[in-house]
Amino acid sequence: CARAPIRGVEASQAEQAQQQRELTLQAHDRWRMSGRVAVSANGEGGSGAVLWVEHEQGTDFELRAPVTGRSWRLQVREQGALIEGLEGGPLSDPDPQRLLRESVGWDIPLSSLRYWVRGARAPGPAQIEFAEDGWPARIEQQGWTVEFREWMDTASGRMPKRVFASRGDQRVRLAASRWQFEHG
Amino acid sequence: ELPSSLQSFSQGLKTLQGQFEQQVYDTDGQLKEQTQGTVALAAPRQFRWDYVGEFPQTIIADGDRVWIYDPELEQVSVRPQSHEEQSSPLAALIDPGVLEQHYFVSAVPDGTGGEEIELSPKQEGEGGFSKARLRLKEGALLEMEFSDQLQQRSLIRFSGWKRNQAFSTDLFQFTPPDGVDVIGDIGEGAEVYPIN
């Protein structure tokens, strides 16, 4: 069900609400999301259960493949990134995105996805379209198209449930089952 | 020589169908995830897991390829089955020959008349798990447990096993639905199944 974008006065009201929401999200930047993720690019990729945690030291992004339980964890810190759980042992690299691409072949714009997955624009120029209910339907940024297919109510307000991002034949699709924010 | 409980389990086993409940625990023993569904097996190399619940998922091994279908994410990934064989203890179970080829197998009585079987891959890091443990009793597989390279423990409890029931032939066939992305797995020469 394509969500028809709104125009005119409603759009500017929606933009106001979105800016407010993005400020609030910025203030609560410690959160945890569990769900499923599927990634693909030129016919290759994978999927699995995902646990994404943003905390004081940085980001932990954990992926568990079904049945085999094959899993890996990417830890992003100020000084760089480390990935564990792969055959051959841990690997590290100052650039998290390069590490993920070269170790498991997943090319994901992690730093921007951190915003998109919460229904917010990443820093920098972006276009946004809102659906009739005033919630984001689509964000275009850095060549990516991010579609918000479904939203869910959580203890800390409405959050995206299914987010489909694509750029050329690259795809990152996330389905969230739980959102938790750390208050304090 | 396969342990006695495993022999009686796979003796004359043509097909198997049952329910499962899967729990995943993180390194300090916290329950991370709970899922359930149905599992079906057909010797020698076909199996199917149907996870039900919020994010249903279907995993089918048709004998050549393993298909993973995520309806919520509208994506199917496909890999040659040989790759999958070593990494899933259950896949190895229905073909005991594979078991002894890929795993060291040791058995210990579990004190209640059943047997605990320990499987450790012969080539380290070959499978997705460092070791697996199975619990069998009176020829039935009760439990399977394995821990992955992040030392997270998956415990799968089976129930309602039905042996050698007839299956419809397409239970282990998979055709990607229209409109979903079909992808191979990184590093595998998986040709993508031609959508005819």
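A: B:Trp67 counts as buried because its relative accessibility is 1%, and the cut-off for buried is under 20%. This is a predicted model, so the description that follows concerns computed coordinates.

The strand around this residue is the place to start. B:Trp67 points to one side of S5(B) together with B:Arg65 and B:Tyr69. B:Val66, B:Ile68 and B:Asp70 point the other way. In a regular strand the side chains alternate between the two faces of the sheet. Both sets of residues in S5(B) are buried. Since 6 of the 6 residues of S5(B) are buried, the strand is largely enclosed by the rest of the structure.

Next come the strands that pair with S5(B). S4(B), which covers residues 57-61 of chain B, runs antiparallel to S5(B), and 4 bridges join the two. One position in this pairing involves the residue we began with: B:Ile60 has B:Trp67 in S5(B) as its bridge partner. S4(B) and S5(B) make a hairpin in which 3 residues lie between the strands. In that turn B:Gly63 has a positive phi of about 110°.

S5(B) also pairs with S6(B), residues 75-80 of chain B. The sense is again antiparallel, with 6 bridges. Here B:Tyr69 has B:Val76 in S6(B) as its bridge partner. S5(B) and S6(B) form a hairpin with 4 residues between the strands. B:Glu74 in this hairpin takes a positive phi near 50°.

A pair of aromatic rings is described by the distance of the centres and the angle of the planes. Over all chains the count comes to 17 aromatic pairs. One of them is formed by A:Trp31 and A:Trp179: the ring centres are 5.4 Å apart and the planes stand at 55°, so this pair is tilted. A:Trp31 lies in strand S1 (residues 31-41) of chain A and A:Trp179 in strand S11 (residues 170-181) of chain A, so their pair ties together parts that are 148 residues apart in sequence. A:Trp31 and A:Trp179 are both buried.

In chain B, the ring of B:Trp67 pairs with the ring of B:Phe174; the centres are 5.4 Å apart and the planes at 40°, so this pair is tilted. B:Trp67 is in strand S5 (residues 65-70) of chain B, while B:Phe174 is in the loop between strand S11 (153-163) and strand S12 (181-185) of chain B, so the pair ties together parts that are 107 residues apart in sequence. B:Phe174 counts as buried because its relative accessibility is 11%.

S11(B), the strand at one end of that loop, has a pairing of its own. S10(B) and S11(B) are antiparallel and share 5 bridges. Within this pairing B:Phe146 is opposite B:Ser154 in S11(B). The hairpin of S10(B) and S11(B) has 4 residues between the strands, and B:Gln151 takes a positive phi near 60° there. S10(B) spans residues 140-148 of chain B, and 7 of its 9 residues are buried, so S10(B) is largely enclosed by the rest of the structure.

Some totals place these strands in chain B as a whole. Chain B has 4 helices and 12 strands. Of the 196 residues in chain B, 53% are buried. Among contacts in chain B with a separation of 6 or more, 46% are between residues 24 or more positions apart. Chain B exposes about 8,700 Å², and carbon and sulfur atoms supply 48% of that area.

A:Tyr115 has the charged end of A:Arg118 over its ring, 5.7 Å from the ring centre. As for confidence, the mean pLDDT of chain A is 91, and 96% of its residues reach 70 or more. Where pLDDT is low, the predicted coordinates should not be read in detail.

Technical notes:
Residues numbered from 1 in each chain as written. Chains lettered and ligands numbered in written order. Predicted model: local features only at pLDDT ≥ 70, side-chain atom pairs only at ≥ 80, totals over all residues. Heavy atoms only, no water. Buried < 20%, exposed > 50% of the residue type's maximum accessible area, 1.4 Å probe, protein only. Contact = heavy atoms within 4.5 Å. Areas by Shrake-Rupley, 256 points an atom, 1.4 Å probe, with all protein chains shown as cover. Phe/Tyr/Trp six-rings, centres within 6.5 Å; stacked < 30°, edge-to-face > 60°. Lys NZ or Arg CZ within 6 Å of the ring centre and 35° of its normal. pLDDT = per-residue confidence, 0-100. Pairing = 2+ DSSP bridges.
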